[in-house]
Structure formats: structure tokens, C-alpha cells
Amino acid sequence: SLCRIVAGQQLAGSAANTIWGRFLEVVGASKNDTTNLTPQAILSIVRDNDIEGDLRAPSGLSNAKCRCIIALSEAFEGGELSDDILTSASDEEVSLKLNNVKGIGPWSVDMFLLFECHRKDILPIGDLAVRNGTAKLWKVKGKGKNGNMCAQKDKHLIESLHEPFSPYRSISSYYMYQLVDVKG
């Protein structure tokens, strides 16, 4: 879900999982049963405006992530977003809709389209693992610090290396994650 992506932004896997579990507890859900994870449930928790005491502190989310999750919930409740829009609209339309929510950026959109919607042609250049996997597979140095691949400076290089996989760049993206998990 989008809430899980937001909760995991810029966190290592174990920290993201811990905070996600706490957040689910706060909204009355669990990792095995997320039926209570609804925009209405989230908004009911913060109706008295005690975001700090009712949501942020018990879940361990940052203020920015809490505000983003609340904004997502409001967008769903207000009709700007819906499951139908997110699952049936084009990648570009979904990106436009989600990027209108404060706290959602290109990385979050790419993660949603790749891992939740299973879209076929997603290349999340903003993701460190994809950049590291690209550098490792093609044995290239980037223009970033210490020769690392940089999302902005190396965008065209990364796109050109993955171009042979188009329109199935999601597959090459999945392999980049696997590649950086391989030891050695």
C-alpha cells in the first residue's frame, strides 16, 4: 500500500518493518490483516489534531511521513484518489495524481507502480539499489561522489543501459535488486 511505501521512505528494511508494524497497530490492523487500514481509520485517529500523541509517537513515523499519510487519506476520502484510479490509469496519470500529494515524490510513485501495481515498464532511477545494480552489472562508474551513480547526473546513462529491456524495464529493475543482494 502507499502507506507502507511512505513509512519505509529512506529507511533500512528492518527499521521500515518495525515502524510499519507499529503503524498498523495504531490503526488497529496487523501485517496479516490490513482490512482496518483505511483512510477513514487513519483520519479518525487524528480528528482531535493530536497527531503527535495519537499517530507520530506511537508509530515512530516522522512528522513529514504522518502529514503525507494524512494527506493521502484525505485525497482518498475527497475522491482525488481511488483504488480504481490507481489501478486502471496509465503510469503517467498515476504519477501525476500521486505527485499532487505532499510527501509523495518520484521514488514513492515508482515503488508503488513497480511493487504494488506490477506495471511492466518502470525504471526507478531514483532508487539507490537500481543505480548500484546498474553500476555493478555494466561495470560503469557514475558522476556522483566516489564514482557512484547519481540519479540526476547519470540519468541518461542508466536509461540507455536499460533501454534494450523496454517496454519491460520492470524486469531489469527487479534484477538490479537481486544483483545488489548477491554477496561478492
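The following dialogue concerns a predicted model of a protein chain.

Mentor: Residues are numbered from 1 along each chain as its sequence is written.

Trainee: What is the mean pLDDT of the protein chain?

Mentor: The mean is 94, and 99% of the residues reach 70 or more; pLDDT is the predictor's confidence in each residue, from 0 to 100. Helices are DSSP runs (H or I, at least four residues), numbered from the N terminus.

Trainee: Why are helix 9 and helix 11 called roughly perpendicular to each other?

Mentor: Their axes come within 8 Å and cross at roughly 80°. Angles of 65 to 115 degrees count as roughly perpendicular, and helix 9 and helix 11 are therefore described in that way. Axes are lines fitted to C-alpha atoms, for helices over the stretch in contact, and angles run from 0 to 180 degrees between N-to-C directions.

Trainee: Which classes of residue make up the contact of helix 9 with helix 11?

Mentor: Eight are nonpolar, four polar and one charged. Ala, Val, Leu, Ile, Met, Phe, Trp, Tyr, Cys and Pro count as nonpolar, Asp, Glu, Lys and Arg as charged, and the others, Gly among them, as polar.

Trainee: What makes helix 8 roughly perpendicular to helix 11?

Mentor: Helix 8 and helix 11 (residues 169-181) pack at an angle of about 100°, with their axes 11 Å apart, and that angle makes helix 8 roughly perpendicular to helix 11. Met-111, Leu-114 and Phe-115 of helix 8 make the contact with Ser-170, Ser-173, Tyr-174 and Tyr-177 of helix 11, where contact means heavy atoms within 4.5 Å.

Trainee: What lines the largest pocket?

Mentor: Its lining has 23 residues, of which Gly-8, Gln-9, Gln-10, Leu-11 and Trp-107 lie nearest the centre. Helix 8 supplies the largest share, five residues. The lining divides into ten nonpolar, ten polar and three charged residues.

Trainee: What makes a set of points a pocket?

Mentor: On a 1 Å grid over the protein atoms alone, where a 1.4 Å probe fits, a pocket is an open set with protein on both sides within 12 Å along at least five of seven lines, and lining residues have an atom within 4 Å of a point. The largest pocket has a volume of about 610 Å³, a volume being the space filled by probe spheres set on the points, which are joined across faces, edges and corners.

Terms used:
Predicted model: local features only at pLDDT ≥ 70, side-chain atom pairs only at ≥ 80, totals over all residues. Heavy atoms only, no water. Helix = DSSP H or I, 4+ residues; strand = E, 2+ residues; numbered from the N terminus. Parallel < 35°, antiparallel > 145°, perpendicular 65-115°, else oblique.
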